[in-house]
Amino acid sequence: MDFDLAPPIGVGPLRIGMTRQSANTALDSLRDLSAVSESDRPGQHIFLPVD
């Protein structure tokens, strides 16, 4: 999969400054949501709030 890097805008469907929900939607558009991958294991990704 190739992504177009567009500084300072973003990369592929991801845009700098977009909300987490928008980013998740953009990332979901890049894969088949019905297929489970190794990276979909519970606890694989941990998000920490930014102070």
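Me: Two strands pair if DSSP finds at least two bridges between them. What makes β2 and β3 a pair?

Reply: Two bridges join β2 (residues 10-11) to β3. The cut-off is at least two, so they pair. The two strands run antiparallel. Strands here are DSSP runs of E, at least two residues, and helices are runs of H or I, at least four, numbered from the N terminus. Val-11 stands opposite Leu-14 in β3.

Me: What kind of sheet results, and in which order?

Reply: An open sheet of three strands, in the order β1-β2-β3, with antiparallel pairing. β1 and β3 are the edge strands, since each pairs on one side only. Along the sequence the pattern reads β-β-β-α, from one helix and three strands.

Me: How do you know how far to trust it?

Reply: This is a predicted model: local features need pLDDT of at least 70, side-chain atom pairs count only at pLDDT 80 or more, and totals for chains, interfaces and linings use all residues. Residues are numbered from 1 along each chain as its sequence is written, and side-chain values use heavy atoms, with hydrogens and water left out. The mean pLDDT (the predictor's confidence in each residue, from 0 to 100) is 81, and 82% of residues reach 70 or more. Strand β3 (residues 14-15) has the highest confidence, at 91, and β1 the lowest, at a mean of 84.

Me: Why is Met-1 called exposed?

Reply: Its relative accessible area is 71%. Exposed means over 50%, buried under 20%, partly exposed in between (1.4 Å probe, protein chains only), so Met-1 qualifies as exposed. Met-1 is found in the segment before β1 (5-6). Of the 51 residues, 6% count as buried.

Me: Why does Leu-14 count as partly exposed?

Reply: Its relative accessibility is 24%. That value falls between under 20% and over 50%, therefore Leu-14 is partly exposed. Leu-14 sits in strand β3. Beyond its neighbours within four places in sequence, Leu-14 is in contact (heavy atoms within 4.5 Å) with Ile-9, Ala-23, Ala-26 and Leu-27. Thr-25 is 11 residues from Leu-14 in sequence and 9.5 Å away in space, C-alpha to C-alpha.

Me: What stands out at the bond between Pro-7 and Pro-8?

Reply: The peptide bond there is cis, with omega about -10°. Most peptide bonds are trans. Pro-8 lies in the loop between β1 and β2.
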